[in-house]
Amino acid sequence: MAYQDLRDYLRTLESKGLLKRIKTEVSADLEITEISDRVVKAGGPTLLFENVQGYQMPVVTNLMGTLEHMKLALQVDDLDDIGRQMLEFLQPPELPTGFIDKLKALPKLAQLSSFLPKIVRTGPCKEVVIKDKPSLAALPVLKCWPQDGGPFITLPLVFTKDPETGRRNVGMYRMQVYDEITTGMHWHMHKDGAKNHRKQKRQNKPLEVAVALGADPACIFSAVAPLPPGIDEMLLAGFLRKEPVELVKCETVDIEVPARAEIILEGYVDPEETRLEGPFGDHTGYYSLADYYPVFHLTCITHRKNPIYPATIVGKPPIEDNFIGKAIERTFLPLLKLQLPEIVDMNMPPEGVFHNCVIVSIKKRYPGHAKKVMSALWGMGQMMFAKLIIVVDDHVNVQNPSEVAWRVFNNIDPRRDVMMVDGPLDALDHSSPMPFYGSKMGIDATKKWPAEGHNREWPDDIEMSEEIKSLVDRKWQSYGF
């Protein structure tokens, strides 16, 4: 059964000893961050702070801060299962050609349609409705790091609609709280929320926005998933849940939001207004610098009775979004292999904060194959942000950083095997001379062929014979170890 809401997920975590209730009074100003950061780096549990100084509302952090949490959140035994299930829908074993084949495909199509979001009349998120003088002051929004420009909402599901098509988009964009009724809206230029804002700006009208806080884990995950344009995040959430997400229409804006979320913020973004936002201690481990971003104006708050405020802490890895990123990597690998079948495996190490380093292994078939893969990856969606792509042979374990480093350090001739290109970079990249644009590097660490200009003999890896390894296995205990 799908988790009905955040509370359902928390009950599951608690039943498995993966949730810690903290009754000691804590401050939303830095203290919760320090506690949460220590716990996630130690592989610890989800934290429910029940006594936040100056607030009636509890705070929950570290919802998905280990691989075990991630698998529980998405209700799978193996994160690779999700990608395989998605591939079954996108690429059935046999394409339906005849009438009978098409009839056989109908149940799968019907199942897919059953994942579409369902509009309901009302829901728990409407238990309390505040239209008259709504205020953010009751929310225990965290100030996470000492140089942060203020408190930031860090786990928002931001709902907008394309002004031209009416198509829904859900993204996760941090929101700096300026006062009781306004926040920043950290829309990077490459994101769909920013695209909707630009379209609305051309019409010189405010863009309606709704923000869901504390939805079920499938909805949270779907908001950060790198979906192709036009794919509804709530459809992905329904697929993950194997049940449709129930959505309810907002009170003051024409947007539907998860009916069982803890808190809903309704409002708009003015087409012309910007305000200085930041700095913010970001998931890169560095502060993202202050810059001008659009402003969200609050028009209404609805929430459940006794709501729970969710937050995520970002900073130096390992952090919670490393595990969310790993789930994204495993989920979308089969789709990547559908387009580039030569790819065997992929690893986006947390030290590369998931858009600075991508390691792939390939079944190499022709000269220059590794560089072809690099170029293809840089042309795929958010892969365009990858500053470093490392390509190794198919037998190399890309999940073992030590093995990858050994191959890179020993297998490359820098002049021959390093490819430099220029292109778009993530908005959080602070190292490029210009914002949003800079250089990237591809490293071909595969075995080189004569057809690639390597006419010397390439040595074999050192491996013991299977006969001797079996002998030592049989005699191991007799050695006294």
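Analyst: By class, eight nonpolar, four polar and 10 charged residues make up the lining of the second largest pocket. Here Ala, Val, Leu, Ile, Met, Phe, Trp, Tyr, Cys and Pro count as nonpolar, Asp, Glu, Lys and Arg as charged, and the others, Gly among them, as polar. This is a predicted model: local features need pLDDT of at least 70, side-chain atom pairs need 80 or more, and totals for chains, interfaces and linings use all residues. Residues are numbered from 1 along each chain as its sequence is written, and side-chain values use heavy atoms, without hydrogens and water.

The second largest pocket holds about 470 Å³ of space. Its 22 lining residues include R407, N411, W458, P459 and D461, the closest to its centre. A pocket is an open set of points on a 1 Å grid over the protein atoms alone, where a 1.4 Å probe fits, with protein on both sides within 12 Å along at least five of seven lines; lining residues have an atom within 4 Å of a point. Points are joined across faces, edges and corners, and the volume is the space filled by probe spheres set on them.

Which elements contribute at least two lining residues each? They are β21 (388-393) and α11 (401-411). α11 gives the largest share, four residues. Helices (H or I, at least four residues) and strands (E, at least two) are DSSP runs, numbered from the N terminus.

Now the setting. The protein chain has 13 helices and 23 strands. Of its 481 residues, 52% are buried (under 20% relative accessible area, 1.4 Å probe, protein chains only).

Notes:
Buried < 20%, exposed > 50% of the residue type's maximum accessible area, 1.4 Å probe, protein only.
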